[in-house]
Amino acid sequence: MSFVLGLKCRECGREYQQEPIHVCEFCFGPLEVRYDYAAIGRSISREAITKRPASMWRYRELIPIDRDPVVGLDNGFTPLVHAKNLGRLLGMPNLYIKNDAVCHPTLSFKDRVVAAAVNKAMEFGYDTVACASTGNLANSVAAHAAAAGMKAYIFIPSDLEAGKVLGSSIYEPNILGIDGSYDDVNRFCSEVAAVYKWAFVNINIRPFYGDGSKTYGYEIAEQLGWRAPDAYISPVAGSSLITKIYKAFKEFEQLGLLEDEVKTKVYAAQATGCSPVTTAIKAGKTEFTPVKPNTIAKSIAIGNPADGYYGIKVVNSTGGWGEDVTDNEVIEGMRLLARTEGIFTETAGGVTVAVTKKLLEQGKLDPEGVTVIAITGQGLKTREAVADLLTPPTIIEPKLGAFEATMKKNRWQ
Ligand SMILES: *Cc1c(COP(=O)(O)O)cnc(C)c1O
Ligand SMILES: [Zn+2]
C-alpha cells in the first residue's frame, strides 16, 4: 500500500511522478516526496502504531515505499534514554539521549535512510546500489545490499577510520577509497551516477533516502509520550537529518498524533574543523560558505552540505542556534557520555554532547526544558579518537598476591 503521490520541488513547487531523480529540471531545487496525508490520517493512529512491531516500520505510512519492505525489517526503534546522571551534572533534569549508537544492523542512524533507499531501489528495479559516504552510510549500504542480494559500489574518502572501512568491507561490496575529502568523493560520484545506471542512495534516490531519517523523529515524539521536545540538538553533515527531524514532528502534529503543538527549538552541532552551517548561523547568514574539512569527526565532515541552506533555515525558523566544538571537546564529549550514562558513541556523538554543554554555558539552552541530544553512531567504529587516552588493563599473573599488590599500588581500596 502506497501513500506516495510523487515528488515535488522544494523551491518552485513543480510536481513530478515517482522516479529516481533528485533535482528539479527547471530550477535545480531539491525534490521532496509528496504524501497523501488525508489517506495517511485514515490509516495511522497512536493505537495502530503502538500495536506494531518495535521497528522504524511502525510508521510505515510515512516511509516512501510502495510495497512491503524486503530488507531492514527490524531497523530502528532505538532507546530514548532519560540521561539522569549527565543531566544532574549539567543541571538539566529533563535531558534525553536518543541512542542510535545501537541502531540495527550497522550501529548508526544511517540504517534508517538506507532501509528506505534500498527498498525503494528494489521497487525501481535496480540490481546495484551505490553511495558516496563518510563511513556509516557505506557500512549500512554494504550490509543491506548483501541482505538484498544486490551488487554494491561504495565510495569513501581514503583516510577513514579502520572501523568504518572494515565495517563495510566485511560485506564484500566493491569498495573504493578516493584520494580526497568527502566533497571530492561526492562530486566524483555525481559523475559516475551520470554514466552508470545504479541506485546511488544519496544522489538519485536522495528524496526517498532522506525520509528514512524521519523515523528518528517519530520515535522521539512517541517515546516522550506523544510530544515533541523543547530542544533538539542535531549533528550536521549534509544537513538532511536536522531538517527531517523537524519535518517528522510537524507531520505528527498535522496528523493529530501529538499532545501539544510543536515548539521545538532545533540546534545544529558541528566540529569547528568543519562548521559551514554553524558558522553561518552564528554570523546571522542564510547561506553557508563551503569549507575544507579538518576534524576527527569524520562522519560529519562535509564541507559543502547538500541541504545546508535548509538546515540553517530550520534552526533560524524555530528559534534555535548553532555551535561548534574543537576536536579536544569532541573527545571530552565522548568520554563524558560514556562516564555518566554508559553509552559509547562515535565522534559525531561527542560533538552533540559537547555542543549541548557549550550552549548551556552560553545561556542558549533552557536547562529545565525537555532536551534531546542526538547520538547517531557507535564508538567502537572510531576508537582511534580515544584509544591513546584511556587506562589500559594492568597485566598480572593469575595469583591473589599479585592482585592484592596491584590493588594496593593503585589505591583501589
Ligand atoms: C551521516 C551522519 C550524520 C549526519 O547526517 P546528515 O543527514 O548528512 O546531516 C550524523 N551522525 C552520523 C554518525 C552520521 O553518520
Ligand atoms: Zn523547481
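1. A backbone N or O atom of Gly238 is found 2.8 Å from an oxygen atom of ligand 1, and a backbone N or O atom of Ser239 likewise lies 2.8 Å from an oxygen atom of that ligand. The side chain of Lys110 places an N or O atom 2.8 Å from an oxygen atom of ligand 1. Taken alone, ligand 1 exposes 380 Å², of which the protein buries 97% (Shrake-Rupley areas with a 1.4 Å probe).

2. This is a predicted model, in which local features need pLDDT of at least 70, side-chain atom pairs count only at pLDDT 80 or more, and totals for chains, interfaces and linings use all residues. Residues are numbered from 1 along each chain as its sequence is written, chains are lettered from A and ligands numbered from 1 in the order in which they are written, and side-chain values use heavy atoms, with hydrogens and water left out.

3. Ligand 1 is surrounded by 15 residues, with Lys110, Gly238, Ser239, Leu241 and Thr376 the closest (a residue is near if one of its heavy atoms lies within 4 Å). By class, this shell comprises 7 nonpolar, 6 polar and 2 charged residues, with Gly counted as polar.

4. The zinc ion (ligand 2) is coordinated at 2.3 Å by the SG atoms of Cys9, Cys12, Cys24 and Cys27 (donors are N, O and S atoms within 2.8 Å of the metal, or 3.2 Å for Na, K and Ca). Along the chain, these donors follow the spacing C-x2-C-x11-C-x2-C.

5. The site of the zinc ion (ligand 2) is tetrahedral, with angles of 96 to 118 degrees among its 4 donor atoms (four donors count as tetrahedral if all angles lie between 85 and 135 degrees).

Note on methods. Polar contact = N/O pair within 3.5 Å; in protein donor to acceptor, adjacent residues only side chain to side chain. Tetrahedral: all angles 85-135°; square planar, octahedral: opposite > 155°, others 65-115°.
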